[in-house]
Amino acid sequence: MQIAPLQGYTIGITADRRRGEQANLLRRRGAKVLHGPTISTAVVADDQALRAVTEAVIHSPPQWLLATTGIGMRTWFEAARSWSLDVDLRDSLSCARVLARGPKSASAVESLGLKVWSRAPSDRLSELVDTLARAGVDGHTVVVQLYGEPSSEVTGDIAKLGAKVSEVATYRWTDPIEEGPALRLAGAAAACRVHAVTFTSAPAVRNLLAIASRHGLAESVRSAFDHRVVAACVGPACAETARSVGIDNPVAPAVGRLGLLIREMTDELARRRPILVMAGQKVVLQGRVAIVEGEVVSLGGRESDVLWVLARFPGEVVPRAGLLRAVWGEQAHDSHVMEVTLSRLRAKLGTAGAALEAVPNEGYRLATSS
């Protein structure tokens with residue numbers, strides 16, 4: 001039986017922008033989606049400061065432009081159009097050397113009628129600064145379209161090269177308007193009720209950990225990412241932020257694109273699938289489904305959790321108390337519910353279920369063979 005690559009998995013989404021597009025991509029691959037935006041994108045197109053810097057750029061055309069995001073560049077020109085300044089802005093920037101941070105910003109630049117002079121190999125702003133350093137910008141004006149948050153370190157590094165730096169802020173990342181969905185996602189990650197969480201910006205990573213910390217969940221979230229939940233970042237810069245807040249092993253494509261992010265996450269989840277031989281039958285665990293000799297068996301949440309815990313220690317006895325605590329939490333005391341869950345699980349797995357063995361006075365064991 002054919003199975004979709006993400007069937008059986010639940011994926012958490014932290015983005016506020018393009019979340020519908022991302023959710024559709026995941027669902028088409030068979031995943032369930034839990035949306036918990038950890039940031040909010042606030043557009044500042046009507047900000048007078050933006051108009052003032054736009055007029056300054058038109059009056060004194062720069063030698064360099066750092067285009068860091070597609071949304072930032074498009075929003076800037078949309079604002080300029082509302083002031084009837086878009087043609088003048090394009091003319092002013094037409095002679096500038098444009099450095100694009102990634103494919104989305106490069107595409108936006110070209111759609112606006114400008115040419116990309118160079119593009120960063122990955123999505124790191126530091127690579128654009130290195131390009132400026134090699135080119136020599138002493139005495140030049142460099143316009144930096146900001147990446148949703150202040151970039152004082154980057155602009156400071158450019159200023160050290162002798163350049164005059166002008167910052168263009170077209171949107172800001174802020175805390176989510178409602179914290180509840182993000183908190184639910186943090187709780188689901190801490191309890192390993194999601195199999196992966198996607199991050200499409202660095203602030204989304206920081207905010208998830210900040211929200212988790214305010215509610216005493218930060219260490220549980222980090223532990224989950226270390227052991228069972230995949231932290232999937234959109235690119236190298238986002239992955240660096242994840243490591244800086246204690247998520248040690250994020251996965252990320254070499255270039256920041258949504259489709260590549262989902263592909264990288266899908267591949268990582270596939271690599272983590274346990275492949276077992278239970279009572280002579282091949283069983284592959286994929287999220288909350290088991291593939292038994294090619295047949296897909298849907299499992300309940302607790303059934304899946306029990307099987308995954310036992311699969312972590314094939315052939316070993318897992319004590320009853322340890323299994324109960326791992327699946328039902330620290331306050332769980334009713335072992336009867338565990339026995340009922342094991343009984344249902346055996347029945348669903350058919351012949352393969354015989355490999356789920358009860359060891360009297362000790363616990364349970366997943367008997368496997370090679």
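## Helix packing and selected residues in a predicted model

Helices H3 (residues 70-82) and H4 (residues 86-93) pack with their axes 7 Å apart, at an angle of about 130 degrees. That angle makes H3 oblique to H4. On the H3 side the contact involves Trp76, Phe77, Ala80 and Arg81, and these meet Asp86, Leu89, Arg90 and Leu93 of H4. Sorted by class, the H3 contact with H4 has five nonpolar and three charged residues, and no polar ones. Please keep in mind that this is a predicted model.

### The chain as a whole

Let's step back for a moment. The protein chain has 15 helices and 18 strands. Its C-alpha trace spans about 85 × 40 × 35 Å along the principal axes. Of the 370 residues in the chain, 51% are buried. The exposed surface comes to about 16,800 Å², and 48% of it is supplied by carbon and sulfur atoms. How much of the contact between residues at least 6 apart in sequence joins residues at least 24 apart? The share is 64%.

### Back to H4, and its residue Asp86

Which residues of H4 are buried? They are Asp86, Leu89, Ser92 and Leu93. Seen down the axis of H4, these buried residues fall within an arc of 125 degrees, so they line one face of the helix. They pack against helix H2 (48-59), strand E4 (64-67) and H3.

Leaving aside residues up to four places away in sequence, aspartate 86 touches Phe77, Ala80 and Arg81.

### Helix H1

Helix H1 (residues 19-28) has buried residues too: Gln22, Ala23, Leu25 and Leu26. They cover an arc of only 160 degrees around the axis, and therefore sit on the same side of H1. What do the buried residues of H1 pack against? Their partners are strand E1 (10-13), strand E2 (32-35), strand E10 (196-199) and helix H12 (258-271). After H1 comes glycine 30, which has a positive phi, near 100 degrees.

### Two further helix pairs

Leu208, Leu209, Ala212 and Ser213 of H9 meet Ala218, Val221, Arg222 and Phe225 of H10. By class, the H9 contact with H10 has six nonpolar residues, one polar and one charged.

Helices H14 (residues 320-328) and H15 (residues 335-349) pack at about 85 degrees, with axes 10 Å apart. Why is H14 described as roughly perpendicular to H15? Angles of 65 to 115 degrees count as roughly perpendicular, and the angle of about 85 degrees therefore makes H14 roughly perpendicular to H15. From H14 the contact draws on Arg320, Leu323, Leu324 and Trp328, and from H15 on Ser335, Val337, Met338, Glu339, Thr341 and Leu342. Those residues divide into six nonpolar, two polar and two charged.

| Helix pair | Angle | Axes |
|---|---|---|
| H3 and H4 | about 130 degrees | 7 Å apart |
| H14 and H15 | about 85 degrees | 10 Å apart |

Two more residues round out the tour. Glutamate 167 has its place in strand E8 (residues 164-168). Is glutamate 167 buried or partly exposed? Its relative accessibility is 40%, so glutamate 167 counts as partly exposed. Apart from residues up to four places away in sequence, glutamate 167 touches Val53, Val144, Leu146 and Thr155. Serine 152 is 15 residues from glutamate 167 in sequence, and the C-alpha to C-alpha distance is 9.8 Å.

Alanine 120 sits in the loop between strand E6 (116-119) and helix H6 (125-135). This alanine 120 is buried, with a relative accessible area of 5%. Which residues does alanine 120 touch, not counting residues up to four places away in sequence? They are Ala100, Arg101, Glu127 and Leu128. Proline 103 lies 17 residues from alanine 120 along the chain, and their C-alpha atoms are separated by 9.0 Å.

How values were computed. Residues numbered from 1 in each chain as written. Predicted model: local features only at pLDDT ≥ 70, side-chain atom pairs only at ≥ 80, totals over all residues. Heavy atoms only, no water. Axes fitted to C-alpha atoms, helices over the stretch in contact; angles between N-to-C directions. Helix = DSSP H or I, 4+ residues; strand = E, 2+ residues; numbered from the N terminus. Parallel < 35°, antiparallel > 145°, perpendicular 65-115°, else oblique. Contact = heavy atoms within 4.5 Å. Nonpolar A, V, L, I, M, F, W, Y, C, P; charged D, E, K, R; others polar. Buried < 20%, exposed > 50% of the residue type's maximum accessible area, 1.4 Å probe, protein only. Areas by Shrake-Rupley, 256 points an atom, 1.4 Å probe, with all protein chains shown as cover. Arc of directions from axis to C-beta.
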